[in-house]
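Hi,

Here is the structure I promised to pass on.

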Amino acid sequence: MKTDKTVRLDLSRKEMQDFGYKVVDAIVDHFETQDQKLPVAIASRKEIDALFCEEAPENPMAADDVLKFVLENVMTNSNIMTHPKSYAFVPGPSNYISVMSDTLATGFNIFAGGWVGSPAAAGVEINTLNWMLKLFNFQVKKGGGIFTSGGSMANLTALATARKVKCGDDFSKAIIYLSDQAHSSNIKAINILGFKKEQVRIIPTDMEFKFSINKLKNAIAKDKIEGFQPFCMIASSGTTNTGTVDPLEELSRICKKENIWLHVDGAYGAAAILSKNGKKLLKGIEKADSLTVDPHKWLFQPYEIGCLLVQNHKWLSGTFTEKPVYLRDIEGNQSEINFYDHGIELTRHFRALKFYMSIKTFGLQAFRKAIDYSIELAEEVEAELRQSNKWEVISPATLAIINFRYNTVEEKLSEKKLDEINQKISAKMMASGEALLVTTILQGQVVLRMCLINPRTTIEDVKNTLALCEMFALE
Ligand SMILES: *Cc1c(COP(=O)(O)O)cnc(C)c1O
């Protein structure tokens, strides 16, 4: 018996090509015109439901019509994270080579879970991870890692590994330290892993938003006296708020002395290792036991790809290896890595491919230049803000992030009024759609935050945005 074409979910060669070329054309059009579009999409639940709420159709529809509907209603109702004026959160500048590489990985539906699924996928992942290990001065032979969906999964994988290595099966007395500027995904991971609130120490930061070392030392000493087991510290190399790098050298010394696992969350900023200035700021990162990097941020990859690096690959296999009977035939030997034994997922998208192909295509030098450019752009923006009497720099340009607020010298305004004005600037900017610019809170003040990692953002883009901000402030 042979099924017909529709039952096999097949298309003819011509249909596949026609549809594929249309998709490619739509993506290329977007790449060429995105900078002229408005980056912000705002829609209510009601509006979105009106577009998409329908029963799953029993009957087919022309692929072209489905595509047309999606291009008109889905793509237009999404923020453009690759836009030069997307300053909020952490933008994802992306790149076309990786977009197409991802299409290849999906097109061939490569199973990147284990060696037998695709020896080449494992090989490309091993090799690409080795590039990363080398960049961060981790030991390439002994070290290991894994690509994940993002930084959140990398942090979760790291903390599960740290717990297994340092605590074995009993973590009832284990204590984790992180600063009040650490990313929320770490707290999420801690909760998922089943730690109690009493096992988490959130250490205040100093005026520069860095781990306050004295408070940290006091907390560790107190925990030891009380019979707890300090086991893990989460440092940030580039906090999401301000780009601040914790004092890694000092923290690693404390960790070594106290037998504490040092996890560095570099999801935002670790990519800066590629630039000269960034490398200086990140000194000590090579001493981490585990490190999260997020290639879908400042390494210009489209979503999703995160990365975890560890100093000893056996820590991962020791944490995640299970040997179910249905996988017994694909276990392979020691050197043939099954990445399902190094992390949480079994079936895995071949994420390494886009990273591999884009680095090969552009060369590391292009990445270095793009990162240098962003760091310098943020410094230029800082200088621009400082020479104006309307703006106050709250946190200086650090790893391409700058925080500032409208605070004109022409008028003495209360803190409450300043908060209101800056909130209003962001709200009006978002409503206008002209720039993706939101606020954060630093030391109790509402401030505007720009994360300038898009290499297509120019100083003119930023100046235009600031001029608009000034106009909104006066409205
Ligand atoms: C973005 C970010 C994360 C989370 O990464 P996702 O890829 O969004 O899951 C974790 N830590 C820091 C410091 C980040 O900036």
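In these notes, contact means heavy atoms within 4.5 Å. The model is predicted, so local features need pLDDT of at least 70 and side-chain atom pairs count only at pLDDT 80 or more, while totals for chains, interfaces and linings use all residues. Residues are numbered from 1 along each chain as its sequence is written, and side-chain values use heavy atoms, leaving out hydrogens and water.

Let me start with Lys297. Leaving aside neighbours within four places in sequence, this lysine touches Val90, Pro91, Pro93, Ala267, Tyr268 and Ile453. Lys297 is buried, at 14% relative accessible area (buried means under 20%, with a 1.4 Å probe and protein chains only). An unreviewed UniProt entry annotates Lys297 as "modified residue: N6-(pyridoxal phosphate)lysine"; such annotations may be inferred rather than shown by experiment.

Now to the ligand. Which residues come closest to the ligand? Among the 14 that surround it (a heavy atom within 4 Å), the closest are Ser152, Asp265, Asp294, His296 and Lys297. By class, this shell has nine polar, three charged and two nonpolar residues.

Some polar contacts (N or O pairs within 3.5 Å) are worth a look:
- Asp265 has a polar side-chain atom 2.7 Å from a ligand nitrogen.
- Gly151 places a backbone N or O atom 2.8 Å from a ligand oxygen.
- Thr240 has a side-chain N or O atom 3.0 Å from a ligand oxygen.

Happy viewing!

Methods
Buried < 20%, exposed > 50% of the residue type's maximum accessible area, 1.4 Å probe, protein only. Polar contact = N/O pair within 3.5 Å; in protein donor to acceptor, adjacent residues only side chain to side chain. Nonpolar A, V, L, I, M, F, W, Y, C, P; charged D, E, K, R; others polar.
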